[in-house]
Amino acid sequence: MKPYLTEAKYESLRMLRAPSFAIPFLTIPVLVYLLMGVVFFGEALRHDSKAAINVFAGLTVFGMMGPGMFGFGVAVAGEREQGLLKLKRALPAPPAAYFLAKMCMAMLFNTIIMATMIGAALFAAHLPLAFPQMAALALVNIVGALPFCAIGLFIGVWVSGSAAPGFVNLVYLPMMWLSGLFIPLPKSLQGAAPIWPAYHLLQLSLGALGQPAAGAAWVHAGVLAAVTLLLSAVAVRRLARVG
Amino acid sequence: MGAGSVPPRQSQFAGSPPPFAEKRELYRMDNVLPAVDGSMHNDCLAELRGVSKRFGKTCALDGLDLEVRAGELLALLGPNGAGKTTAISILLALLRPDAGEARLFDKRQTGVMMQEVALAPELRVREHIDLVASYYPAPLSPAAAMEMTHTTPLANRPYGKLSGGQKRQTQFAMAICGRPKLLFLDEPTAGLDVQSRQMLWDTVRKLVRGGTAIVLTTHYLEEAEALADRVVVLAKGRLMASGTVGEIRAVVSRKRISCRTTLAVERIASWQGVNSVTCDQGRLQVVASDAEDVVRRLLAADAQLAELEVHRAGLAEAFTELTQEVAS
């Protein structure tokens with residue numbers, strides 16, 4: 001157990017100490033929420049609590065995407081290239097510790113992001129959220145971010161360290177806009193939204209907040225689990241074979 | 001040793017006594033208690049048997065046999081591309097051999113210092129050591145590992161702020177912190193200043209005295225001369241020679257003669273047994289395969305000859321000769 005905990009501790013510590021990672025991913029989600037939910041549209045949303053909750057749910061899901069996708073995608077690509085993964089394989093490190101540590105790191109970041117966003121929702125946007133709803137949302141989002149880790153890992157094992165940010169963005173940006181996190185999608189795009197994991201997580205988040213969501217919860221959960229398992233299985237296989 | 005892959009030179013060692021008889025005896029005395037792992041009974045901690053490995057068209061290893069015995073310091077010498085790192089990578093199961101087999105006694109008792117690795121720049125030296133120590137069943141404390149490797153003053157420095165040499169020292173501390181029985185050091189002193197290198201050598205000697213087996217690859221020939229019980233010379237993925245430093249040197253009988261003389265360079269160069277002659281500010285340097293005969297002739301030809309010195313060729317010369325043979 002000790003190597004797993006130590007690995008997770010230091011992975012989290014180093015990412016918290018890396019300003020280029022910690023500052024954007026910890027601050028941008030809450031800042032975007034404050035801008036959209038309070039500064040720009042605060043007035044309008046005060047009279048439409050359903051829309052206010054939708055904006056909040058969408059932006060929390062957006063916040064969950066970064067640490068997993070970039071924390072795995074860019075970091076794995078770089079560390080693979082720089083020989084760190086090889087060193088871990090040469091040392092008696094448990095093979096899964098590296099991945100679990102990154103997962104814990106992403107979950108820790110997501111916990112911090114959820115805490116700041118819930119704080120902003122309660123005290124700046126004055127959303128009428130009950131504690132069980134907040135707890136359910138946090139749980140759904142933090143666990144539901146695993147497919148983002150898997151997407152990052154999948155990209156990280158294929159591309160080089162310098163290409164990784166570009167490739168991660170190539171998924172990150174379209175997913176952010178095309179899963180309806182920020183604005184309701186026009187009819188023409190709604191049909192394609194379910195190809196993005198973020199869409200499914202958004203429906204689960206809306207459900208956790210007592211809002212009407214499209215489709216059945218078990219389908220969304222199933223899609224997220226399948227994406228996670230499939231992509232990480234392919235990635236881990238490739239890592240074991242190619243390194 | 002694998003038939004066919006070893007040059008005839010190898011046979012020169014066949015009759016010599018085993019170089020570490022004494023050391024191995026000592027080690028056995030330490031090991032009266034039952035061995036943890038059955039494979040340790042025969043003293044062999046890691047082994048390659050007839051291992052070949054190709055990267056595309058390049059043949060990195062060509063039927064290599066290698067054995068690492070408990071408590072010895074084995075130096076792997078060879079020019080770039082000789083297959084040293086490939087051999088270590090296969091021993092550590094980082095690469096799969098195309099042919100042959102590799103065996104390692106117990107990964108959990110193995111320490112590694114690799115050549116090119118970038119560690120998290122945000123973590124401090126102590127934290128890096130603490131992390132690696134957590135992989136081992138009975139590690140040193142980070143403080144003890146740092147004391148042993150003279151890295152205590154770096155303990156709280158972020159890795160990214162260290163100089164190249166300090167990074168190598170940190171990696172060395174990480175390699176030994178698990179109290180490994182077998183330690184792989186791939187070019188450990190590359191980029192170290194003289195003092196740090198000396199300190200690393202001292203620690204390596206201490207570890208060997210404490211019973212740790214070490215496989216060391218190096219370009220610094222004096223490093224092998226200073227530390228190794230046994231030297232294995234690789235070139236183009238093949239084993240060229242193996243034996244003690246003295247035995248490797250004896251393979252090449254050349255000696256270096258230097259003196260002050262008025263004799264013409266051309267004249268000496270024409271003598272039998274002389275390999276090369278150079279003259280630097282009146283000081284003559286002769287490399288000869290039959291030194292005694294050349295010295296006799298020098299003294300006979302020049303009564304005024306002064307400052308005569310005869311050296312055995314260093315490992316550098318021995319090494320160059322062995323590897324040139326493969327090249328030609």
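Author: Let us begin with one pair of residues: B:Leu48 stands opposite B:Leu66 in β2(B). Strands (E, at least two residues) and helices (H or I, at least four) are DSSP runs, numbered from the N terminus. This is a predicted model, in which local features need pLDDT of at least 70 and side-chain atom pairs pLDDT 80 or more, while totals for chains, interfaces and linings use all residues. Residues are numbered from 1 along each chain as its sequence is written, with chains lettered from A and ligands numbered from 1 in the order written.

Reader: How many bridges join strand β1 of chain B to β2(B)?

Author: In general, strands of a sheet pair through backbone hydrogen bonds, either parallel or antiparallel. Here eight bridges join β1 (residues 44–55) to β2(B), and the two run antiparallel; pairing requires at least two bridges found by DSSP.

Reader: In what order do the strands of the open sheet lie?

Author: The order is β2-β1-β4 in chain B, with antiparallel pairing. Because β2 (58–69) and β4 (99–104) of chain B each have a single partner strand, one side of each is left without a neighbour in the sheet.

Reader: At what angle do the axes of helices α8 and α12 of chain A cross?

Author: Two packed helices are described by the angle between their axes and the distance between the axes. The axes of α8 (residues 146–156) and α12 (residues 217–242) of chain A come within 8 Å and cross at roughly 25°; axes are lines fitted to C-alpha atoms, for helices over the stretch in contact, and angles run from 0 to 180 degrees between N-to-C directions. Therefore α8(A) is roughly parallel to α12(A), a term for angles under 35 degrees.

Technical notes. Parallel < 35°, antiparallel > 145°, perpendicular 65-115°, else oblique.
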